[in-house]
Structures are given as structure tokens and as C-alpha cells.
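Welcome! Take a moment to look at the sequence and the structure first.

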Amino acid sequence: MTVFQRIKNLITGLLLIIGAVVLLTMPEDGFVIIAAFIMVSLLLMGLRYLFYYFHMARNMVGGKYFLFLGIFLIDLGLLTFSMTDEPRWALILYLLGFHAFSCVVNLAKGIQERHYGAPAWKVDTVQGIVNAVVFFFCLFHLRSPVYFLWVYCAGLFYSAAVRIVSAFRRTAIVYIQ
Amino acid sequence: MQLDFHYYATYCAALLAGFSHMESLDICYSAQMTDCCSRSFLSKLKAPLSAATTQLQMELMDARTDLLGRQDITRIWASFHFLPYDLYAPVKKHWSRAYCDKYRLICGPRGTLAGATVELAKDKSLQAAGIAMHVLADTWAHRYFAGTPSLVINNVNEYCREIREDNGMTVEVPVQFRHNPAGKDDPATGEYNGTVFQATEHSVMNLGHGRAGHLPDYSFMRYVYLPAWGDYQEILKNNPADYYYAFCQMVRALRYLRGTDERFEPDCCDADLSEKEEQEIRSILSKRQTDASADWKAFGESLSGEKIPAFDEERYTGEYIEAGKASNDDTFLGRFILAAMAQKSMVTNRIYSSGNMLAGFSVNFEGGAFRGIRDFKKLVQAADKTK
């Protein structure tokens with residue numbers, strides 16, 4: 001990693017922590033903030049695809065797909081912006097989908113590692129179980145939005161920790177002439 | 001390529017290059033081991049994880065695709081399975097830097113790095129020779145794909161047709177890609193498995209030849225398709241011909257490593273095989289089957305007059321674990337691990353030196369304070385030992 005990339009990871013990690021703390025201290029407005037965040041994300045994603053098209057995908061066979069996808073996402077972001085009445089469902093669906101997928105992947109990886117006799121299977125299995133617990137926790141608390149906020153913030157803290165640790169990791173490969 | 005070529009065909013190539021039966025077994029075992037030495041496997045041995053030469057399907061599913069994750073993936077796949085052909089390949093003026101970097105990682109045979117790989121294995125262990133043979137053979141099978149997750153380079157669309165001989169006529173049959181990980185390829189119906197289209201540049205689904213499924217891995221396949229980077233120019237991939245060149249190049253490289261030949265020219269793919277040997281090899285390569293192990297095994301056994309044991313991933317694990325930290329570098333797997341780290345280190349350094357950051361940073365070790373990933377201390381210690 002370059003110094004710039006390390007600094008970028010560090011700053012992003014700190015911003016994620018600040019964001020999580022802000023959300024936890026303002027649970028009332030939390031959903032609206034998250035929904036607004038998702039809308040902005042859609043708009044940014046659309047712009048990113050447009051950038052991706054002009055930057056790289058225009059050289060690719062079938063690359064025009066990304067031009068249309070970018071335009072579509074920007075349109076979707078604008079549409080979502082006009083439907084702010086039920087922002088909690090966006091968060092609920094996101095969390096349920098994310099934890100269900102992570103649970104399946106972690107458990108499958110744990111099974112594969114156990115088959116290989118690798119000690120890491122325990123870590124992956126525990127991660128899978130934690131994801132399953134979170135998934136069912138969310139499922140049984142669909143009417144308690146504050147729990148979703150906590151789960152979402154826990155995810156933000158985790159992402160922040162990963163980024164900050166990455167910023168200080170040794171990453172260079174050693175070469176002996 | 002699969003076990004049939006990396007294990008049994010490599011055994012045959014080693015024999016034809018003049019190695020003994022036992023030496024050939026060590027070489028072909030190491031060549032095949034390159035497809036098995038994952039982090040899960042290494043963690044079981046408590047070996048350095050940076051020596052991983054492959055990633056299992058589930059490891060990939062769980063792999064991070066942030067900057068560090070992508071660099072890790074690229075180091076593994078570009079070093080061992082998709083050796084770049086030309087890190088300084090000419091590019092078009094309007095291409096962005098990011099696109100150029102990816103384009104220059106496209107794998108191909110007869111490149112400078114192929115020569116450097118064989119050179120690195122010279123006067124080293126048989127395990128190093130085996131790894132080099134894996135890398136060399138894969139440059140033929142995996143040509144036109146890059147060992148980094150990239151949609152703009154590795155994507156394959158539905159325009160893909162197999163060329164077959166049917167009652168003496170050459171026919172083109174459309175290839176149908178399915179996306180069932182548990183499904184089997186069916187050459188009879190033309191249904192093959194490939195990864196799902198993901199509209200994300202860095203998705204692991206877009207790593208190497210994932211989108212084209214196992215088409216590059218079958219020696220009998222001849223097909224035309226549109227590579228994502230090819231500007232709508234159709235490419236004919238003639239596996240039987242490429243695999244034959246791969247075999248001949250392995251024989252040449254092994255003769256050089258054994259000391260029979262003075263030089264190894266990556267461009268030279270003529271192994272001076274007898275007409276009978278050539279016919280036998282070409283007939284195995286063009287037979288429509290997804291696993292040619294039985295045919296290669298029979299050919300190998302006819303060459304040596306010895307039995308070739310089936311590949312067993314666990315054959316040397318006990319020896320490595322029992323040796324303990326003090327002496328496990330002198331075991332079979334210890335030598336394999338050192339050779340793997342040396343290959344990864346060399347390729348990463350070449351990519352980094354070309355100004356391409358896709359495989360991450362590489363630091364030259366000059367005997368001062370150790371910088372970089374700690375696992376590579378093993379490599380430094382081994383180099384000190386040989387001095």
C-alpha cells in the first residue's frame with residue numbers, strides 16, 4: 001500500500017466510527033440518515049458506473065452495459081429520494097440479505113476447512129453462527145427498529161476496525177536478487 | 001489445466017527429459033501440488049500462509065476484494081496460474097492507466113517471465129522444477145486471461161462456439177454456459193459451467209478464466225470467442241495444439257534444468273520427440289474427455305515401465321509436521337514451500353518493477369533490517385543458508 005492509501009484507509013475507518021457514534025446517539029433520526037445514505041449511495045454508484053464506463057469499460061466487449069447501468073442507478077437514486085416514507089425497509093432488507101449470505105459462505109468455508117483439517121474452520125464456523133444469530137435476531141425484531149440500528153452500527157464499527165488495522169499492516173513482498 | 005496434465009503428463013515430460021522414475025514423480029507431484037497448496041492446507045501444517053499457490057473455491061468466495069485483498073489474489077494467480085506475457089506490452093493512447101495495468105497482466109506463453117521462471121528453478125530442488133512446469137504449462141492453457149479479478153479483461157459473453165469434427169465435417173456448436181457450481185460439464189451437449197456475470201470490476205467471479213468455465217482446461221477443446229479486451233476480434237483457442245506445445249516446452253525446460261541442454265529459449269517448442277511419441281500424445285490431447293488421466297498414466301507407465309501412484313495431497317504432510325520448525329525446510333513440502341515463495345516473490349517484483357501496482361509492493365532484501373511480510377523471512381533464512 002502507498003502512504004496515501006494507508007492514510008485513506010485510516011481516515012475512512014475514523015469516519016465510519018464517527019458515523020456509527022452519531023447514529024447511536026440519534027436513534028430517532030437514525031433511519032432517515034441511513035435511508036438518505038442509501039439514496040446518496042445509489043446516486044454515487046450510478047456516477048461511479050459512468051466513470052467506470054469512460055475510464056475502462058468502453059474498451060470492453062459489451063461495455064455499453066455500464067453506461068446504461070450508470071444512468072439507471074442515478075434514476076433509481078432520484079426515485080428513492082422521492083420515497084422517504086418507509087426508509088426502515090431499505091435497512092431491514094439490506095441487513096437480512098447481508099447476514100444470510102455471510103452465514104452461508106462462512107459455514108460452507110468452515111465445512112471445507114474442517115474437511116482439510118485446517119484449524120481455521122473454528123473461526124469461520126463461529127463467524128457463520130454469529131451471522132445466523134444476527135439474521136434471526138433481525139427477523140424476530142422486525143417491529144423494533146432500534147435493534148436494526150444497533151446491528152448496522154456494529155457492522156460500521158467492524159468495517160472501521162478492518163480498515164484501521166489494514167492501514168498499519170505490512171504488505172510488501174520480499175525479493176532476494 | 002487439471003490433474004491429468006499437471007501430474008501424469010508432467011511425469012511423462014520429465015521422463016522424456018531424462019529424469020529417473022523417482023525424480024519424475026517428485027517433479028509431477030510438485031506440479032500438481034501447485035493446484036492444492038491453499039491457505040487452508042498450509043494452516044493445517046502451520047506453514048507460512050504467504051506460500052499459498054492457489055485459493056479454494058470457498059476461500060475465494062470469502063476473499064476480500066479491497067485493495068489488499070486484490071493484491072493478494074493477483075500475487076497468487078499471476079505468479080502460478082496466469083503468468084503475464086508482457087509487462088511492457090504496447091498500449092493504445094486513449095487507454096487509462098488502470099486499464100493498461102490490467103491489460104499487461106494478460107497471460108501468454110513464450111514471454112520473458114516464462115524464461116525467468118525456468119531460470120529461477122535452475123540448480124534448485126525438484127520441487128522448484130515442478131512448480132516451474134505448472135506455471136509454464138498454464139501459460140498455454142490460460143493464455144488470453146489475466147490472474148487478477150477484472151471484468152474488462154476476463155469477461156466472456158454468450159458469443160462462444162466450439163469447433164468439432166462431426167463425420168469428417170468441421171462444425172461449430174454454440175457453447176451454453178450454466179452457473180451451477182455442483183453441475184458437471186457435458187461435452188456431448190455443449191453445456192459447460194462458468195461463473196455468474198457480476199457487473200463489478202473486481203468481483204472474484206471475474207478472476208482468470210472463471211467466466212469461460214473449464215474450457216481452457218480441456219485439452220480437446222477448440223473454440224472461438226470474443227475476449228473482453230479484444231476489440232470485438234474473434235479468437236480461436238486451439239487447445240490440442242497449445243497443449244502439445246506446452247508438453248514440448250516442458251520437455252525442453254526440464255532438459256535445461258537437468259543440465260542436458262545449455263540454454264532454455266522460451267520461444268522454442270520443439271522437443272525432438274519420436275513420431276510414435278508425438279502421435280500418442282496428440283491422440284490423447286484430441287480425445288473428447290474431460291479427464292485424460294487414464295491415458296496419460298498408461299503412456300507414462302509404458303515409457304518408464306513403472307507404476308505411477310495416484311496423486312495424494314496428504315502424502316508428505318506427516319513428514320513436514322513431524323520434522324518440526326527446526327528442520328521442516330528440508331522436507332519435501334518444506335522445499336516446495338520455499339520454491340513457491342521464491343516464485344511469488346520474483347513475479348511480484350517483476351510486476352512492481354514495471355510500475356504496475358496490481359500485485360502490491362515488493363522490497364529488495366539487501367541484508368539490512370527486514371521489511372515486508374514476515375513470512376518471507378523464511379526465504380531470507382534459506383538464502384543465507386545456501387551462502
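**A first look at D62(B)**

D62(B) sits in the loop that links α4 (57-61) and α5 (67-80) of chain B. Keep in mind as you read that this is a predicted model.

**Around D62(B)**
- With a relative accessible area of 28%, D62(B) is partly exposed, because that value falls between the 20% and 50% cut-offs.
- Setting aside neighbours within four places in sequence, D62(B) is in contact with V105(A), N106(A), K109(A) and D124(A).
- V204(B) is 142 residues away from D62(B) along the chain, yet their C-alpha atoms are separated by 9.5 Å.

**Where chains B and A meet**
- Chain B brings 50 residues to the contact, and chain A brings 40 residues.
- About 4200 Å² is buried between the two chains, with carbon and sulfur atoms giving 62% of that area.
- On the chain B side, M58(B), L68(B) and F361(B) lose the most area to chain A, together 15% of what that side buries.
- Between chain B and chain A there are seven residue pairs in polar contact and zero salt bridges.

**Helix α1 of chain A**
- Buried residues in α1(A) include N9(A), G13(A), A20(A) and L23(A).
- The cover over the buried residues of α1(A) includes α2 (27-55) and α6 (145-167) of chain A.

**Confidence in chain B**
- Chain B averages a pLDDT of 91, and 98% of its residues score at least 70.
- Among the elements of chain B, helix α2 (residues 21-33) has the highest mean pLDDT (97) and helix α15 (residues 377-386) the lowest (79).

Conventions: Residues are numbered from 1 along each chain as its sequence is written. Chains are lettered from A and ligands numbered from 1 in the order in which they are written. This is a predicted model: local features need pLDDT of at least 70, side-chain atom pairs count only at pLDDT 80 or more; totals for chains, interfaces and linings use all residues. Side-chain values use heavy atoms; hydrogens and water are left out. Helices (H or I, at least four residues) and strands (E, at least two) are DSSP runs, numbered from the N terminus. Buried means under 20% relative accessible area, exposed over 50%, partly exposed in between (1.4 Å probe, protein chains only). Contact means heavy atoms within 4.5 Å. pLDDT is the predictor's confidence in each residue, from 0 to 100. Buried area is the accessible area (1.4 Å probe) that two parts lose on being put together, summed over both. A salt bridge is a side-chain nitrogen of Lys or Arg within 4 Å of a carboxyl oxygen of Asp or Glu. A polar contact is a pair of N or O atoms within 3.5 Å; within protein, one must be able to donate a hydrogen and the other to accept it, and residues adjacent in sequence count only if both atoms are side-chain atoms.
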